[in-house]
Structures are given as structure tokens and as C-alpha cells.
Amino acid sequence: MSQINTQSTSSSAKKSDRTLRTRGTWRILATHRVEYLLDERRMISFMASMSVSGMTLRSANGLTPGSTTHFTLILDGRSEPIEINGEATLSAESMQKGNVNIQFDKEDHDGILAITQYVVQNVVPKLEKATTTIRPQIPKVIDLANIYYDLGRDIDAVELLRRALEVHTREITLYEKALPLMLACAVAAADVAALLEVEELANNAIELDATNDAFKAVHDEAMRHRLYRQQQQQTAEAAITSAEFYDKSKTEIEIEIETKAEENTALNDETNNNNELDDKNKETLLLEQEQNIITQTPNINDIAQSAEFDEEVDKHKAELLARERYLNERETTLAHQKAAAEEHERALLERELSLSRRFSDADADAREQACTEQEALLAQNINQLEQQQLALVEQQTALDQYQYSLQQQQAAIEQKNNELNQKQTEIDNIVATIAEREQKYAQQQLTFERNHSDLEQREQVFIQNLEQLEQKQQ
């Protein structure tokens with residue numbers, strides 16, 4: 001029957017292996033039988049551990065690093081075996097010690113799905129039942145939370161760890177193993193509230209053990225992610241505000257342009273009306289003058305030679321010239337106003353274009369800066385992830401070596417126990433033989449005593465007979 005292997009938590013300064021570890025790598029202690037073909041020969045081995053993405057085999061002879069093999073997994077509690085391809089990934093030195101790490105083929109979707117279903121159906125229910133008690137065992141909680149994380153059930157993992165921390169408020173071991181996993185879930189969800197919760201829990205853990213660097217690393221990492229997410233939100237909100245201000249400014253400019261256009265239209269209409277009115281006034285004045293001339297025609301001959309007539313004519317000419325100058329000045333003023341309105345309209349258009357370019361440049365700069373920061377952070381995360389993967393491989397190798405050492409020690413202990421059992425059996429046999437011999441000796445001694453008694457009696461009878469014989473001879 002499979003059991004869950006409790007792994008130790010890394011205490012690296014930034015993101016630990018557990019923080020951003022690859023999903024599906026949580027190891028399950030298992031002793032299932034595994035069959036594989038090697039040079040057309042069927043080979044048999046047994047698991048030391050198993051995960052959704054791979055397994056570790058004990059004494060798997062013939063497998064070399066990089067070799068791809070077809071495996072048949074015979075799992076307890078499953079009626080049919082699982083067929084899946086895998087590649088040996090450990091070094092030759094590790095293989096010489098007896099353990100071989102197998103990485104399942106990611107393209108073998110049916111096999112990986114079958115293994116995942118086995119974990120879900122056979123392992124998860126037992127752990128869920130074990131963690132429903134009032135004070136669940138910490139190893140069971142950590143096991144189930146990590147399996148939840150491997151299955152993508154981050155919310156269930158966080159809820160389980162949160163309930164356990166509410167019960168085991170001063171268990172440093174639980175904090176050591178729960179905080180990195182909760183941080184990984186919060187980072188994956190990009191949830192500022194969850195990151196803040198991890199910070200608070202890390203502070204609680206630091207109060208319990210101020211010398212634990214892992215707690216400080218988790219706290220700093222959660223705070224760094226939280227500040228980055230908040231900066232992203234502020235940048236997004238600023239971009240939205242800028243867009244809204246730009247839209248608002250653009251709308252106001254459009255309204256102002258429309259208003260000025262309406263004013264210009266009204267001014268042009270007024271100018272046209274004034275021109276029409278001036279034309280009508282000119283025509284009316286000329287008609288009146290002609291009518292006056294016609295009306296006064298009978299008296300023209302009488303006053304033609306008089307100075308009064310000349311003065312009247314000069315007066316009318318001066319009025320006409322003054323009226324013409326007024327109309328010309330009015331037309332010039334209207335032309336200046338129209339030109340000023342067109343200049344104002346051009347200024348408004350230039351202002352709109354300037355605002356558009358300014359906001360576009362600001363948005364482009366903000367987006368470029370955000371992209372640069374994201375690229376730098378992504379490069380940093382990739383570098384850290386590669387380092388963590390290397391550290392994880394080293395830790396896994398060390399763990400496999402430690403497991404192999406334990407297995408060798410266990411095998412030696414079992415061998416010694418067998419030798420002791422054999423010696424005990426030999427001693428028991430010797431004791432039984434001695435007891436039989438003692439019983440036989442006792443019986444022989446009893447027989448000897450009986451014979452000795454009979455001899456004594458016979459000797460007495462013989463002496464008596466001899467005495468009687470001597471008496472008769474005398």
C-alpha cells in the first residue's frame with residue numbers, strides 16, 4: 001500500500017525549491033512491482049517512490065542514462081496494469097548504487113492520466129479522511145496539500161493549510177512546510193490579499209523562531225511579489241485614468257470646436273444678413289434719391305443755377321461716401337473676425353493633436369517601461385528557476401542516495417536478523433538435543449540404579465547362600 005513521503009523544506013534566500021517547484025513532483029513512497037523489457041528480456045523491479053511525473057526504481061539493472069524504455073506498472077488496488085514510456089535521468093554513478101530515476105514521457109497522455117487517476121482515487125481519499133479530525137496530523141496535512149498543489153487544486157491546498165495553522169498555532173514544523181506552499185499558490189494566482197496573508201503568517205512564524213532564515217525568505221519574497229503586483233495595478237489604473245482624461249479632454253475640445261463652429265456659422269450668417277441689408281439699404285436709398293429726383297424734376301430748371309442745389313448734391317454724395325466707408329469697415333471687421341475664428345479653430349485642432357501625441361507617447365513610455373520591467377523580472381525568475389531546478393536535482397539525488405543507504409542498512413539489518421534467527425534456531429535445536437540426551441541419561445541412570453539395587457539384592461542372596469553353604473560344609 002502506498003504511503004506519502006514527507007519531504008524537507010528548503011531554506012534558500014529567495015524562492016525555495018518548494019516555492020516554485022514543478023507540479024507533479026511530490027514523491028509517494030511505494031513498493032509496486034514494475035516490469036520492463038531489456039534486450040527482449042522481461043525484467044522485474046520494484047518502486048522506491050512514485051509521483052505523477054516519474055518514479056524511482058530499486059535494483060533496476062541494465063538501464064543507462066538517457067535510455068527510453070516501456071514500463072508496465074502493477075499498482076496495488078488497480079485491476080489493470082498501466083503501460084507508460086519513461087527515460088532514465090540519473091547519472092551512472094547513482095545508478096551503480098542501485099537506484100534509477102525514471103521520468104515519464106510527457107507525450108504519453110494516457111499513461112500519465114491513469115497514474116493521476118490512481119493518485120486521486122487511491123491516495124487522496126485516505127489522506128482526506130485522515131485530515132478531517134479535530135487536530136489532524138501535520139505530515140498528513142502537508143502530504144495532502146502538496147498533492148492538491150500537484151493536481152492544480154491550489155484553493156483546496158491553501159484552505160487545508162489555513163485550517164491546520166489555526167489549530168497548530170505554535171508548530172514550527174508546520175510553518176516551515178506550509179508557508180512555501182502557500183506562497184507558491186499566492187504567486188500563481190497573483191493575489192495581493194493572499195500574498196499579504198503569507199506575509200502575516202511569516203511574521204507569526206518569525207515571532208516563534210527568529211533564527212529561522214526560511215521564514216524571513218518567505219516573508220521577503222511575498223512582500224516583493226505583493227509590491228510588484230500593486231505597482232502593476234497602479235500602472236493599470238494610471239493608464240485607465242490617462243485614457244479617461246484623454247477621452248474627456250478630447251470630448252471637451254470637440255465640444256469647444258463645435259461651439260466655435262456654430263459661432264462662426266452664426267457670425268457668417270450675420271455678415272451675410274448685414275451685407276444683404278446693406279445692399280437693400282443702398283438700393284432703397286438710390287430708389288429714394290431717384291424718386292426725389294423724379295419728384296423734384298419740375299423744379300430742377302428753376303434751381304439748377306442755384307448754390308442750394310449744389311450743396312444738396314454734395315451732401316447726398318458725402319452721405320453715400322460715409323455709408324460706403326462704414327460698409328467697407330464693417331466688411332473688414334467681419335473678415336478679421338472670421339480669420340480669427342479660423343485661427344482659433346486651427347489652434348484647437350493643434351491642441352487636440354498635441355494632447356493625442358502627448359498621451360500616446362506617455363502610454364507608449366509607460367507600456368515600454370512596464371514591458372522592460374517585466375522582461376527583467378522574467379529573466380530573473382528564469383535564472384532563479386534554473387538554479388532551483390539544479391538545486392532540486394541535487395537534493396533529489398541526495399535523497400535517493402540517502403534512501404538507497406537506508407535500504408542497504410535495512411537489508412543489512414534484515415540479513416543480521418536472519419543470521420540471528422538461524423543461530424537461535426541452531427541453539428534451540430542444540431538445547432532440544434541436550435534436553436533429549438538429559439532425559440535419556442536420566443532414564444539410563446534410573447535403569448542403572450535399578451540394576452544396581454538388583455545386584456545388591458543378588459549379592460546379599462549370594463552371601464547368604466554362601467554362608468549357608470559354609471555352615472553345611474562345617
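A polar contact is a pair of N or O atoms within 3.5 Å, where within protein one must be able to donate a hydrogen and the other to accept it. In this predicted model, the side chain of His32 reaches the backbone nitrogen of Asp76 at 3.3 Å. His32 is found in the loop between β2 (28-29) and β3 (33-38). With a relative accessible area of 1%, His32 is buried.

**Overall make-up**

The protein has nine helices and eight strands. Of its 474 residues, 30% count as buried. Among contacts with a separation of 6 or more, 62% are between residues 24 or more positions apart.

In soluble globular proteins, nonpolar side chains tend to be buried together. The largest nonpolar core here holds 41 residues, and Leu161 and Leu179 touch the most other members. At least two residues of this core come from each of α2 (109-130), α3 (138-150), α4 (154-167), α5 (172-189), α6 (192-208) and α7 (213-295). The helix that gives the most to this core is α5, with eleven residues. Leaving aside residues up to four places away in sequence, Leu161 touches Val141, Ile142, Ala145, Ala178, Leu181 and Met182. Another core lies apart from this one; it has 22 residues, including Ala30, Met50, Phe104 and Ile115.

**The pair α3 and α5**

Two packed helices are described by the angle between their axes and the distance between the axes. The axes of α3 and α5 come within 10 Å and cross at roughly 15°. Angles under 35 degrees count as roughly parallel, so α3 is roughly parallel to α5. The crossing in which α3 passes α5 is left-handed. On the α3 side, the contact is made by Ile138, Ile142, Ala145, Asn146 and Tyr149. On the α5 side, Leu174, Lys177, Ala178, Leu181, Ala184 and Cys185 take part. Ile142, Ala145, Ala178 and Leu181 belong to this contact, and Leu161 touches these four residues as well.

**Positive phi in loops**

Asp39 and Ala190 are treated together here. Asp39 has a positive phi in a residue other than glycine, and so does Ala190. Asp39 lies in the loop between β3 and β4 (41-50), whereas Ala190 is in the loop between α5 and α6. Asp39 is exposed, while Ala190 counts as partly exposed.

| Residue | Phi | Relative accessible area |
|---|---|---|
| Asp39 | Asp39: near 55° | Asp39: 65% |
| Ala190 | Ala190: near 55° | Ala190: 33% |

Conventions:
Residues numbered from 1 in each chain as written. Predicted model: local features only at pLDDT ≥ 70, side-chain atom pairs only at ≥ 80, totals over all residues. Heavy atoms only, no water. Helix = DSSP H or I, 4+ residues; strand = E, 2+ residues; numbered from the N terminus. Buried < 20%, exposed > 50% of the residue type's maximum accessible area, 1.4 Å probe, protein only. Core = buried A, V, L, I, M, F, W, Y, C linked by side-chain atoms within 4.5 Å. Contact = heavy atoms within 4.5 Å. Axes fitted to C-alpha atoms, helices over the stretch in contact; angles between N-to-C directions. Parallel < 35°, antiparallel > 145°, perpendicular 65-115°, else oblique. Left-handed = near helix turned anticlockwise from the far one by under 90°.
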